[in-house]
Amino acid sequence: MTQATFFVLTALADQPRHGYGILREVEDLSGGEVRLRVGTLYGVLDRLTADALIVLDREEVQQGRLRRYYRLTDDGMRALTAEAERMAAGASAAQQRIAEGRRAPERPVTPPATGLGLAGGLA
Amino acid sequence: MTTLLESRYRMVLRLLPAYYRREREEEMVEIYLWDVDRETQDQSRPTLGEVASIAALALRTRLGAAGAPRPYDRLGAAVRLFALFAVLLQAASVVVDRVLGLTWAATHGPAQWDMYVSGFTARGPALAVAEVAVWALPLLWTVAYFALLHGRLRLARVSALLAALPTLWPFLAPLVSTWFPPSTAFTTTSALFSWLTALALCAAHHRDAPPASLPVGTPGLAFAACGVVMGASVVLLPLAADTVWAPATCFAVGALGWLLWRARRDDRSTACGAIALAVLGLLLLTVRVAALYPWLGTPVPALVLGGALVQAGILSLLVAVLAVVGGRDLAAAR
């Protein structure tokens with residue numbers, strides 16, 4: 001699952017949203033790291049719709065303009081849950097390693113082997 | 001009232017196919033104009049990034065994205081097959097060319113070997129690097145071919161683009177060395193062939209497209225068969241200066257075999273194959289003619305000239321037959 005796909009699914013996890021709402025939510029969720037362009041967003045929406053992970057929830061016309069709201073399907077929620085669990089497991093493993101690294105005693109500094117030592121047999 | 005910015009966005013959205021615009025245009029315009037102050041809309045323009053993202057979406061939707069109407073679906077399938085066949089042809093051609101060249105240089109005495117090596121070293125270290133790159137990079141067509149058939153799309157794309165790069169060298173070399181400008185028609189058509197192949201691969205074999213697969217045979221078998229046909233064609237009729245001979249012969253044999261195989265099938269699911277082969281054949285014919293044309297006024301051996309002329313004739317015939325078959329299959333499939 002790509003980063004864009006993951007964030008779009010996440011943006012739709014709590015409630016149906018329209019295109020602009022998804023863009024804003026993705027930006028917020030990613031702390032401003034992911035800013036989807038409209039072409040990219042619709043590429044992702046097309047793919048998710050084809051995979052039946054999202055569906056059209058409803059259409060509204062506001063000030064003469066069309067807003068389409070999309071929502072997650074059950075399959076979409078399952079895919080997002082699985083991806084979130086996979087990422088959480090990876091993050092947990094990384095944090096454990098980081099903690100172990102901090103707890104480990106400092107290793108003694110080994111002097112670098114020199115060409116002379118290896119070749120001349122001085123060691 | 002429509003603002004200038006809205007008109008500009010609608011202009012950009014015209015890159016998208018009509019079916020997609022009918023479905024999505026209003027929704028997309030709504031997003032574009034959402035947080036733009038109406039007072040400033042006449043002074044704003046779509047950014048380059050926005051245009052690029054719509055262009056990429058347009059390409060993807062035209063080449064058979066999920067849910068696309070049948071004509072776009074067929075177009076996408078044809079471009080994908082074209083890319084696959086063209087990558088296979090170039091991969092086998094480069095490997096055969098390098099193997100035959102090395103074998104010839106290594107088995108015809110020290111003078112021949114020295115001449116082969118001096119092709120890289122005679123012009124100084126800087127140009128030697130360029131010559132080695134021009135010799136080695138096209139071998140990446142093979143990486144692109146196997147990567148494509150094993151679903152490694154990014155590797156396939158990067159390999160194909162790198163493999164196509166050396167076709168630009170003849171245009172650059174006269175600028176940085178004392179080389180003469182290239183024979184324009186042949187160099188241009190060769191570069192066009194390589195770049196069209198690489199671009200077709202990049203555009204049509206995207207993440208949403210079905211995985212690449214050969215209509216017949218396994219990847220290794222198809223590659224080996226192409227190599228054998230190309231090698232045999234050069235051994236039977238050695239044409240040292242004719243780099244088009246082997247791939248064009250292989251295409252002719254492959255296309256003929258495909259037509260016979262297709263004639264035994266009742267369904268018309270192979271329509272895209274005929275179109276893809278017709279386009280590939282047309283490109284090869286163009287390169288064939290471009291390579292042949294400069295020989296017409298020079299004392300080229302009759303065997304070489306005759307062989308190339310016969311090959312051009314066979315290619316023309318095959319392209320015509322494939323185009324007719326493809327057209328009929330498409331009409332029947334509608």
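Here are some worked exercises on a predicted two-chain model.

Local features need pLDDT of at least 70 and side-chain atom pairs count only at pLDDT 80 or more, while totals for chains, interfaces and linings use all residues. Residues are numbered from 1 along each chain as its sequence is written, chains are lettered from A in the order in which they are written, and side-chain values use heavy atoms, with hydrogens and water left out.

**Exercise 1. Chain A in outline**

Task: Find how many helices and strands chain A has, and in which order the elements run.

Solution. Start with the DSSP runs: a helix is H or I over at least four residues, a strand is E over at least two, and both are numbered from the N terminus. On that basis chain A has five helices and three strands. Reading from the N terminus, the order is α-β-α-α-β-β-α-α.

Next comes burial, where buried means under 20% relative accessible area, exposed means over 50%, and partly exposed lies in between (1.4 Å probe, protein chains only). Chain A has 123 residues, and 35% of them count as buried.

Finish with contacts, meaning heavy atoms within 4.5 Å. Taking contacts in chain A between residues at least 6 apart in sequence, 43% join residues at least 24 apart.

**Exercise 2. The interface**

Task: Describe the area buried between chain A and chain B, and the residues that take part.

Solution. Buried area is the accessible area (1.4 Å probe) that two parts lose on being put together, summed over both. Between chain A and chain B this comes to about 2,100 Å², with carbon and sulfur atoms giving 53%. Chain A brings 22 residues to the contact and chain B brings 25 residues. Within chain A's share of the buried area, Y20(A), Y42(A) and R65(A) supply 32%, more than any other three residues.

The residues that touch include Y42(A), D46(A) and R47(A) from α3(A), and I54(B), L57(B) and R60(B) from α3(B).

**Exercise 3. Salt bridges**

Task: Find how many salt bridges there are over all chains, and follow the one that joins D46(A) and R24(B).

Solution. The rule asks for a side-chain nitrogen of Lys or Arg within 4 Å of a carboxyl oxygen of Asp or Glu. It gives 20 salt bridges over all chains, and four across the interface of chain A and chain B.

The D46(A) and R24(B) side chains meet at 2.7 Å, N to O. D46(A) counts as buried because its relative accessibility is 14%, and R24(B) counts as buried because its value is 8%. Both residues also belong to a network of salt bridges that links D46(A), E59(A), R68(A), E23(B), R24(B) and E27(B).

E25(B) and R21(B) are both buried.

**Exercise 4. Cysteines and a helix residue**

Task: Find how many disulfides there are over all chains, and which residues L259(B) touches.

Solution. A disulfide is a pair of cysteine sulfur atoms within 2.5 Å, and a search of the whole structure finds zero. C250(B), for one, has its nearest cysteine sulfur, that of C226(B), 3.6 Å away. C250(B) is buried, since its relative accessible area is 7%.

L259(B) sits in helix α12 (residues 245-263) of chain B. Leaving out residues up to four places away in sequence, L259(B) touches L318(B), V321(B), L322(B) and V325(B). L259(B) is buried, since its relative accessible area is 15%.
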